[in-house]
Amino acid sequence: MTVFQWHRDDAGIVTLTMDAPGQSANTMNGAFRADLGAAVERLRGEREAVRGVIVTSAKDSFLAGGDLDELLTFGPEQADAFFASLEQMKGWLRELETFGFPVVAALNGTALGGGWEIALACHHRIAIDSPRSRFGLPEVTLGLMPGAGGVTRMVRLLGLQEAMPYLMEGKQVKPADALKAGLVQDLAVDAADMMAKARAWIAANPAPRQPWDRDNYRMPGGLPSSPKVAGLLTVAPAMLRDKTKGCYPAPEAILASAVEGARVAFDTACRIESRYMTSLTVGPVAKNMITAFWQQMRALKSGVSRPAGVPSWRAAQVGVLGAGMMGSGIAYAAASKGLPVVLKDVSLEAAEKGKGYSRALLEKSVERGRLTTEAMNKTLNLIRPTVDAADLAGCDLIIEAVFESVELKARVTAEAEALLGPDAIMASNTSTLPISKLADASKRPANFIGLHFFSPVDKMQLVEIVVGRQTSPETLARAFDFVLQIGKLPIVVNDSRGFFTSRVFTAFVMEGIVMLGEGRPPAAIENAALMAGMPVGPLAISDEISLSLYAAIAAQNKAGVEAEGGVYVRHPGEDVVERMVGEFKRPGKAAGAGFYEYPKDGRKHLWPGLAQHYPVAAEEAPFDDLRDRILYIQAIEAVRCYEEGVLRSVGDANLGSIFGIGFPGWTGGVLQFINHVGPAAFVARARQLAERYGIRFESPQRLIEMAETGARFTNEAA
Ligand code: NAI
């Protein structure tokens, strides 16, 4: 055995210590499975001499979960083999819990996914009460489900209703909460205490049985046939469908596996679970989600987009110019990670108001018991509101978030730079203006970069780092480090009008808007986006952002393109935007009127006037077309960004699209979606959409080549 260390003491207690060689954490990979089998076989052989077993780990954590890289390699051809290996592993775990001697999980650290499933197969769980430890089953967040008995045992341990948040939402708990929930039975102060308690429990419980193997076992909360549970189960699938729109097979499989499994014997339930797990593992959605949320996320955080060779950096003090919506959010993001912030606006009152935004957020956390008043005050004391530019002296990073105007941004840049040290970085939070152009106003364009935050800053994890023509690798590396320092997710893109995320987002909303102009029913447009998995419909989100802003950005883009000697290609949706703003005076939610009505005393609803001004076309479009248009147009725009060198990596595109604009997670992101469909099928469908709805659906050359060669978007840099 290489993963499990076997040690049997004089009292006949076997300690199985998991310590996968060459890995920082134990995972349920092939070597682990082989060793688990070997350990169970040896226990079987030495059964008479064994008084009890303690399962623990030599790593910081207990066991991290399945080997996701390995899971990515299982396609439909491997379904039978995968099912068989799951069944085999479950057989071993079942044997372990039915040998007759006590088995204790000594949880020295975090046990998630497969780690928690091993723990569940033990009769007794003792955890070191460490604030860093987490227990739970996060598989669903990667399009998977617990497949090593986790669904079967959690349902039998807690009951259907109580188990659901862990199974369907991936809820994780700390040791103390796990104790309260009945997931662990005892806490220990340290490893020695834990092992002593494990031994004592074994001595006191020579022949324990799992709750579900006891003669008097009753499922907590009742069986699916009991009136209360049956009542819940009649609505559960509909509620789930409403949430996932049928885009996510994992929660559906979990619910089905839990309910079906609750009605049958333990071993049958386990087999049902293996079947569902196999279908998810070999299916496309788990592949998409693992690729984006595991592989590409890990690559991103490890700094694949960060220039190598630049020493790691931490900002010591940040200046934020403009205490409006974005500036106050950025100030909060930095201060809440312990970074001093100078927050400047045109009046002290405005700057104080910006600080007030942090106060409101922090007070809410205090109210909810997540923060102490002392910690709140400490964070607030880090934000210094000011009207005096001289206070910026000493900042090593300035982020400007003043109005979207080239002249104003040039002025504040010059003013700030005069006060900064030679290495300080000047960043702009502009959402539309080319960074290289803004850098013209800088005396040190190598130190100038775009840091594009998203609204609301406290909730949105993504920051799009925009590299200008003259931005130096040092500046990029430091900006990258800063984004990680404040706990956000950095993607790196090259300069272009709208960068990456705004271009793709614009493609999305304008597609919805142009559908309206074509005479597609507005409710169908909104629903098509929701059914595709977008969080909000294009008309609703446009109202939130404001149609007058769209009009202003379009005008600005047109002027910019023409100033550069290019020809501006007008989007057909611009006609609708102009009429909404000009003719109907309905620029959006802030004005109280947009595509939607916003009654003071009721829920918003689509403006009935849309039906009159945009009557439904005589020829109906298939609903699939509406839904596909929403996804395809974004993917096509992303490929254009890739082709033009705006995007630097596939992972940045995928994660940027999911975290920046809500591109559906089930797709694994905007480029992975093309892999999902298959480039050839994508190009064929895009051609059909181009014939029906306009040339903007024509595939970029790069995609046509990929369709011909069968190439796919992979994790390598573009
Ligand atoms: P805002 O209008 O809420 O805030 C701008 C603030 O800048 C105001 O408080 C204003 O008083 C202040 N200001 C104006 N001149 C100043 C000066 N000379 N010195 C210091 N402060 C000055 O605008 P918002 O929405 O916060 O946008 C700011 C920037 O962030 C813009 O460039 C915008 O394009 C960008 N952005 C906006 C997003 C959004 O969703 N609103 C998203 C991402 C970027």
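These legends go with close-up views of a predicted model.

**View A. Helix α1, end to end.** Helix α1 covers residues 30-45, which makes 16 residues. From its first C-alpha to its last, helix α1 reaches 23 Å, close to the 22 Å expected at 1.5 Å a residue. Quite a few of its residues are tucked away: Phe 32, Arg 33, Asp 35, Leu 36, Gly 37, Ala 39, Val 40 and Leu 43 are buried.

View B. Look for Met 531 in helix α20, which runs over residues 522-532. Setting aside neighbours within four places in sequence, Met 531 touches Lys 245, Cys 247, Phe 623 and Arg 627. Val 412 sits elsewhere: its C-alpha is 44 Å from that of Met 531, and the two are 119 residues apart along the chain.

**View C. Two Phe rings meet.** The model has 14 aromatic pairs, and one of them is Phe 293 with Phe 659. Their ring centres are 6.1 Å apart and their planes stand at 90°, so this pair is edge-to-face. It links distant parts of the chain, with Phe 293 in helix α12 (residues 284-301) and Phe 659 in helix α26 (residues 650-661), 366 residues apart. Phe 293 is partly exposed, because its relative accessibility is 21%.

**View D. An aromatic cluster.** Here Tyr 632, Phe 663, Trp 666, Phe 673 and Phe 682 come together as one cluster.

**View E. Charges over rings.** Lys 604 lies over the face of Tyr 596, 4.5 Å from the ring centre. Arg 629 does likewise with Tyr 693, at 4.0 Å from the ring centre.

Key
Residues are numbered from 1 along each chain as its sequence is written. This is a predicted model: local features need pLDDT of at least 70, side-chain atom pairs count only at pLDDT 80 or more; totals for chains, interfaces and linings use all residues. Side-chain values use heavy atoms; hydrogens and water are left out. Helices (H or I, at least four residues) and strands (E, at least two) are DSSP runs, numbered from the N terminus. Contact means heavy atoms within 4.5 Å. The expected span of a helix is 1.5 Å times one less than its number of residues. Buried means under 20% relative accessible area, exposed over 50%, partly exposed in between (1.4 Å probe, protein chains only). Rings of Phe, Tyr and Trp (its six-membered ring) pair if their centres lie within 6.5 Å; planes under 30 degrees apart count as stacked, over 60 as edge-to-face and the rest as tilted. A charge sits over a ring if NZ of Lys or CZ of Arg is within 6 Å of the ring centre and within 35 degrees of the ring normal.
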